[in-house]
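Here is a short briefing on one protein chain. Look at the sequence and the model first, then read on by topic.

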Amino acid sequence: QNGYNLTTWDAFGYYMYLPSVFIYHDVRDLQWVAAIDSNYKVTGGVFYQAIHQESGAYTNKYLCGVSIMQAPFFFIGHMLAKIENAPQDGFSWPYQYALIFGAIVWAMLGFIVLSKVLLKFFDDKTTAITLLLIGFCSNIIQYISVDAAQSHVWIFTLYSLVLWFTIQWHNQPKWHYALLIGLSCGLATIARPTEIIILFIPLLWSLH
C-alpha cells in the first residue's frame, strides 16, 4: 500500500537524522516517531533506535554517516513526494524508492572504483570474475536491494574509494588525495564506528 519499506529496524536508526532535521525539526524529543511508527512500522515493535535520557531527551544509538550519504536521495524523494502528492513525511513511497535508487547508484560507483583498483594488479578476466563473484555470490546483493537503507552498501563504496585514493596518493602524494582519504575514512567511521579499521588501508599500504 505504501510501497516497499526499507527504513525499518536498524535502517531506521541510520536514516532517522534526515526526517528529524529537515522535516520535523525535532532531534531531541522525537515526538514525530509514534505517528510514523503507527503508519509505517519503522521501529520493529520496540523503539530501540534511540536511548531515552534522564533529561527527557533522546540520543540516537546510530551515528549520522549513512544519513549524510543518503541525503541527496532523500531530497530527491522529498521533491518527488511533492510532485506526486504523496505524504512529505520522510517515509512514503517516494522516499523509499529514492533510497533504493541511491543504493544502486552508490553500489555502481563502488564497483566501478573497485574495478579500477583491481586492474592495477590483475588482468581484465580476473577482475571481471572477481567483480561478478562479489556482486552475485556475496550478501552485497541483499544490501543493494532488500536492505538498501542499511549501512553495508554505503560503506562498501567507501572502502573502494579509500583503496583508490590510497593508490593515487602513493603515486602522487598530493594534498587532495590525502583529503579524500580522510573524508572517506571519516564517513565510514561515523557510519559505523567499528569501520575505524579502514584507517589501516592508508596507514599500512606498501608496508613490507
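Leaving aside its neighbours within four places in sequence, which residues is Thr8 in contact with? They are Lys41 and Val42, where contact means heavy atoms within 4.5 Å.

This is a predicted model: local features need pLDDT of at least 70, side-chain atom pairs count only at pLDDT 80 or more, and totals for chains, interfaces and linings use all residues. Residues are numbered from 1 along each chain as its sequence is written, and side-chain values use heavy atoms, with hydrogens and water left out.

**Overall layout**

- The protein chain has 10 helices and 2 strands. Both kinds of element are DSSP runs numbered from the N terminus: helices are H or I with at least four residues, strands are E with at least two.
- Starting at the N terminus, the order of elements is α-α-α-β-β-α-α-α-α-α-α-α.
- Along the principal axes, the C-alpha atoms fill a box of roughly 55 × 40 × 30 Å.
- Of the chain's 208 residues, 45% count as buried. Buried means under 20% relative accessible area, exposed means over 50%, and partly exposed lies in between (1.4 Å probe, protein chains only).
- Take the contacts between residues at least 6 apart in sequence: 66% of them join residues at least 24 apart.
- The chain exposes about 11200 Å², and carbon and sulfur atoms supply 67% of that area. Accessible areas come from the Shrake-Rupley method with a 1.4 Å probe; for residues, only the protein chains shown count as cover.

**Before the first helix**

- Thr8 sits in the segment before H1.
- Thr8 is buried, because its relative accessible area is 17%.
- Thr8 and Asp37 lie 29 residues apart in sequence, and their C-alpha atoms are 9.3 Å apart in space.

**The nonpolar core**

- The largest nonpolar core holds 59 residues, and Trp32, Phe91 and Trp154 touch the most other members. Such a core is a set of buried Ala, Val, Leu, Ile, Met, Phe, Trp, Tyr and Cys residues joined through side-chain atoms within 4.5 Å.
- Two or more core residues come from each of helix H1 (10–15), helix H3 (33–40), helix H4 (65–83), helix H5 (93–119), H7, H8 and H9.
- H5 gives the largest share of this core, 11 residues.

**Helix H8**

- Of the 20 residues of H8, 14 are buried, so H8 is largely enclosed by the rest of the structure.
- The end C-alpha atoms of H8 are 29 Å apart, which agrees with the 28 Å that its 20 residues should span at 1.5 Å a residue. The expected span is 1.5 Å times one less than the number of residues.

- Ser151 lies in the loop between helix H7 (140–144) and helix H8 (152–171). Gln150 is in the loop between H7 and H8 as well.
- Ser151 counts as buried because its relative accessibility is 0%. Gln150 also counts as buried, at 14%.
- Beyond four places in sequence, Ser151 touches Tyr14, Val66 and Arg192.
- With the sequence neighbours within four places left aside, Gln150 is in contact with Asp10, Ala11, Tyr14, Val66 and Tyr143.
- Ser151 and Ala128 are 23 residues apart along the chain, with 25 Å between their C-alpha atoms.

**Salt bridges**

- The structure holds 2 salt bridges. Each needs a side-chain nitrogen of Lys or Arg within 4 Å of a carboxyl oxygen of Asp or Glu.
- One joins the side chains of Arg28 and Asp29, at 3.7 Å from N to O. Arg28 is partly exposed at 47%, and Asp29 is partly exposed at 34%.
- Another joins Glu195 and Arg192, whose closest N and O atoms are 2.6 Å apart. Glu195 is buried at 8%, whereas Arg192 is partly exposed at 25%.

**A nonpolar surface patch**

- Ile196, Ile197, Leu199, Phe200, Leu203, Leu204 and Leu207 make a nonpolar surface patch of about 720 Å². Patch residues have over 30% relative accessible area and no salt bridge; like charges are joined within 9 Å, nonpolar side chains (Val, Leu, Ile, Met, Phe, Trp, Tyr) within 5 Å.
- Ile197 lies in the loop between helix H9 (175–191) and helix H10 (200–204). Ile197 counts as partly exposed because its relative accessibility is 48%.
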